[in-house]
Amino acid sequence: MLSQEENELLTQVGPGTPCGQFLRSYWQPAALSEELPPGGPPIPRRLMGEDLVMFRDEHGEIGLLDLHCSHRGTDLSYGRLENGGLRCVYHGWLYDVHGRCLETPAEPPGSHLREFVRHKAYPCVEKGGVIFTYMGDGEPPLLPNYEVLSAPDEKRFVTKHFHECSYLQGLEGNMDNTHVPFLHRYLRTESGSRVLAEHPAEAPPPTIFGLPDGSTSTRYARLEETDFSVWAYDSSGWGGPDLILPSLAMTGGGAQGSGDGYQLYWRMPIDDTHHWLFVLSFKRSGPIAEQHRYNRSWGMMTPDYHFTRNQANRYLQDREEQRTATYTGLGSVFIVQDALANETQGPIQDRTKERLGANDGSIVAGRNLLLKAIHAVQEGCEPPGVIRDPGVNASDPIFLKRNVPPTPETWEAILQETGGRWVSSLSQTSD
């Protein structure tokens, strides 16, 4: 369990908080590219407790500004896109993507007021169908050159999902190594087999049915804490990163369960009690089927990226299905089942009341890594895993254990440890 102080330290993400400062030290996903098409309207955005507006100017550049105009505080998401920026509808003040005030048309001729206005703005970069922002202080680091972000469009799938709970609950859910044979189990019945056959890409290993006697086994046999990640290894010695700072987890072997790529879950706090889950996956061997894209996005979401199954409707739980086909009665999609497990702990889980067991080591290791990273940032140190050396970013850094340029020997060790899963021979990626 955690103390109340530790629980607050890990879950309070607003401006000026230690965890907020830590999370702001990295590039973070702010939106999907599809949310901000060329010529599309500005969109309001709440990120880590800050109310912001995102827009794409006529040159395709993306701005992320404080939501409220520096003049009289009007909401800029109602503004006009024109003349190289975003114009407030109240008095016509015009801002570019860097927060510079270009025009103050109500001022008298010769006024220099606009020259003294610098509206809060955060830098953005767009890659792999995702818009990332850096909300920290100082010079931004390099955006990690993850292979999934460089994959061709037809081989890459990205989406996001709204969650009604702290980002930490979702992150710890990904680190929980024993829930799969329970939460995601298909029953050993004709109905269970039929549901599984209809959604084969949702099913990892045979443990999906649980063991014949109803028991389960530890998913991983060994844990290793690296400089900026927690690796978990199974009994065969194969492993991979369960947690990657600041708030990522690798959850599987690529889109459609192909095994020739990987899938990332990236948790971005909206505020202390809500977060976005960005899902990034790719398949090296070929294009991702359109039906898979639909099933994993609009087939289970509303247009605002909220799950159709949610707390308000008790996740549309079907008790007959629970009796005959699936362990939860929530259909076949794992990510919805995970949402129930995480969201129903409350907006912020009270970890002073939990009782962890022998198989919860990955969660403990993950919390320790996060706490160490937060304390390091508080002490003025470079955040763990932040990339500034182009040599580190020359290949996919997701499997690295130290923040140094990899060698051929490094990649050989990674290939052996992962059993060749998820990672290509040298994980070379392109900028």
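**Close-up views of a predicted model**

**Figure 1. Tyrosine 134 is a buried residue, with a relative accessibility of 4%.** The model is predicted, so read each of these views with that in mind. The cut-off for calling a residue buried is under 20% relative accessible area, and tryptophan 27 also makes it, at 7%. A search through the whole structure turns up 12 aromatic pairs. Tryptophan 27 and tyrosine 134 make one that is tilted, with 5.9 Å from centre to centre and 50° between the planes. Tryptophan 27 comes from strand E1 (residues 27-32) and tyrosine 134 from strand E11 (residues 130-134), so this pair ties together parts 107 residues apart in sequence.

**Figure 2. Tryptophan 231 and phenylalanine 399 meet edge-to-face.** Here the ring centres are 6.4 Å apart and the planes sit at 70°; the edge-to-face label applies to angles over 60 degrees. Tryptophan 231 belongs to strand E14 (residues 229-233), while phenylalanine 399 is in the loop between H10 and helix H11 (408-418), so the parts tied together are 168 residues apart in sequence. Tryptophan 231 is buried, at 0% relative accessible area, and phenylalanine 399 is buried with 0% as well. Both rings belong to one aromatic cluster, along with Tyr233, Tyr262 and Phe282.

**Figure 3. Two tyrosine rings each have a charged side chain over the face.** Arginine 222 lies over tyrosine 233, at 3.8 Å from the ring centre. Tyrosine 233 is also a member of the aromatic cluster that includes Trp231 and Phe399. For tyrosine 305, the residue over the face is lysine 160, at 5.1 Å from the ring centre.

**Figure 4. Histidine 161 is buried in strand E12.** Strand E12 covers residues 156-163, and histidine 161 has 0% relative accessibility. What does histidine 161 touch, leaving aside its neighbours within four places in sequence? Its contacts are His275, Trp276, Leu277, Val279, Arg296, Met300, Met301, Tyr305, Phe307 and Ile335. Among these, Tyr305 is the ring with lysine 160 over its face.

**Figure 5. The largest nonpolar core holds 83 residues.** The residues with the most contacts inside this core are Phe22, Met54, Tyr146, Tyr262, Leu264 and Ile335. H10 supplies the largest share, 8 residues. Take phenylalanine 22: not counting residues up to four places away in sequence, its contacts are Leu245, Pro246, Leu370, Ala373, Ile374 and Val377. There's also a second, separate core of 13 residues, including Leu65, Cys69, Cys101 and Val117.

**Figure 6. Strands E2, E3, E4 and E9 form an open antiparallel sheet, in that order.**

**Figure 7. Helix H1 (residues 4-11) packs through its buried residues.** Those residues are Asn7, Leu9, Leu10 and Thr11. They pack against helix H2 (18-23), helix H4 (167-175) and helix H10 (361-378).

Methods. Residues numbered from 1 in each chain as written. Predicted model: local features only at pLDDT ≥ 70, side-chain atom pairs only at ≥ 80, totals over all residues. Heavy atoms only, no water. Buried < 20%, exposed > 50% of the residue type's maximum accessible area, 1.4 Å probe, protein only. Helix = DSSP H or I, 4+ residues; strand = E, 2+ residues; numbered from the N terminus. Contact = heavy atoms within 4.5 Å. Pairing = 2+ DSSP bridges. Core = buried A, V, L, I, M, F, W, Y, C linked by side-chain atoms within 4.5 Å. Phe/Tyr/Trp six-rings, centres within 6.5 Å; stacked < 30°, edge-to-face > 60°. Lys NZ or Arg CZ within 6 Å of the ring centre and 35° of its normal.
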